[in-house]
Amino acid sequence: MGWESGRRTLGSIVRRMDAASALADLLEISSQIEAAVLLAGDGSLVASTLAPEADTGRLAQAGREVLEAAEARLGGGRAITQVEVSLREGSLFVVREAGRTIVGRSRPKPSSQLVLYDLKACLRAAEPPTPKRERWRSPSAPSTGCGRLR
């Protein structure tokens, strides 16, 4: 928690981690998700819960195609951020945020909002931390040794 302009702001409750760990945590906390893949902004694979490469590729490709089809039909020039496709065998969820995409496959009749929430939380947890901005200091300013200017 912190203070900003006299207002109290909440910090993130999502712990950042590498993509593979975030996906492993996703499967552990969400009993409805059977498999998931995380894709970079260019569509390349970042991490997967599936062992065989062919299964990973099929799930990633299905997610890309569903997102592209939804944008072509429903986007109207706007980016689609989440899609659910329900089938008798289970559902496919695709969530895009901050240029990255997570694709999840679930059991039949999942609690859609909960699955979407879990996928978004995973995507945020796998997000690389943003570097802190360095405070600008004039090259002619004397150094005090403790980072403060006098």
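Welcome to this structure, where the crossing of helices H1 and H3 is right-handed. Please keep in mind that this is a predicted model.

**How H1 and H3 pack**

- Helix H1 covers residues 19-29 and helix H3 covers residues 112-125; their axes come within 9 Å and cross at roughly 155°.
- Angles over 145 degrees count as roughly antiparallel, and H1 and H3 are therefore roughly antiparallel to each other.
- On the H1 side, the residues that meet H3 are Ala22, Leu23, Leu26 and Ile29, and their partners in H3 are Asp118, Leu119, Cys122 and Ala125.
- Sorted by class, this contact of H1 with H3 has seven nonpolar residues, one charged residue and no polar ones.

- With a relative accessible area of 18%, Gln32 is buried, because buried means under 20%.
- The side chain of Gln32 reaches the backbone nitrogen of Ser111, at 2.5 Å.
- Not counting residues up to four places away in sequence, Gln32 touches Arg105, Ser106, Arg107, Pro110, Ser111, Leu114 and Val115.

- Val95 is buried, and its relative accessible area is 1%.
- Leaving aside neighbours within four places in sequence, Val95 is in contact with Thr81, Gln82, Arg100, Thr101, Ile102, Leu116, Leu119, Lys120 and Leu123.
- One of these partners, Leu119, is also among the H3 residues that H1 meets.
- From Val95 to Tyr117 there are 22 residues in sequence and 9.7 Å in space, C-alpha to C-alpha.

- Ala79 has a relative accessible area of 58% and is exposed, because exposed means over 50%.
- Glu71 and Arg96 are the residues that Ala79 touches, not counting those up to four places away in sequence.
- Ala79 and Leu67 lie 12 residues apart in sequence, with 9.2 Å between them in space, C-alpha to C-alpha.

Key. Residues numbered from 1 in each chain as written. Predicted model: local features only at pLDDT ≥ 70, side-chain atom pairs only at ≥ 80, totals over all residues. Heavy atoms only, no water. Axes fitted to C-alpha atoms, helices over the stretch in contact; angles between N-to-C directions. Helix = DSSP H or I, 4+ residues; strand = E, 2+ residues; numbered from the N terminus. Parallel < 35°, antiparallel > 145°, perpendicular 65-115°, else oblique. Left-handed = near helix turned anticlockwise from the far one by under 90°. Contact = heavy atoms within 4.5 Å. Nonpolar A, V, L, I, M, F, W, Y, C, P; charged D, E, K, R; others polar. Buried < 20%, exposed > 50% of the residue type's maximum accessible area, 1.4 Å probe, protein only. Polar contact = N/O pair within 3.5 Å; in protein donor to acceptor, adjacent residues only side chain to side chain.
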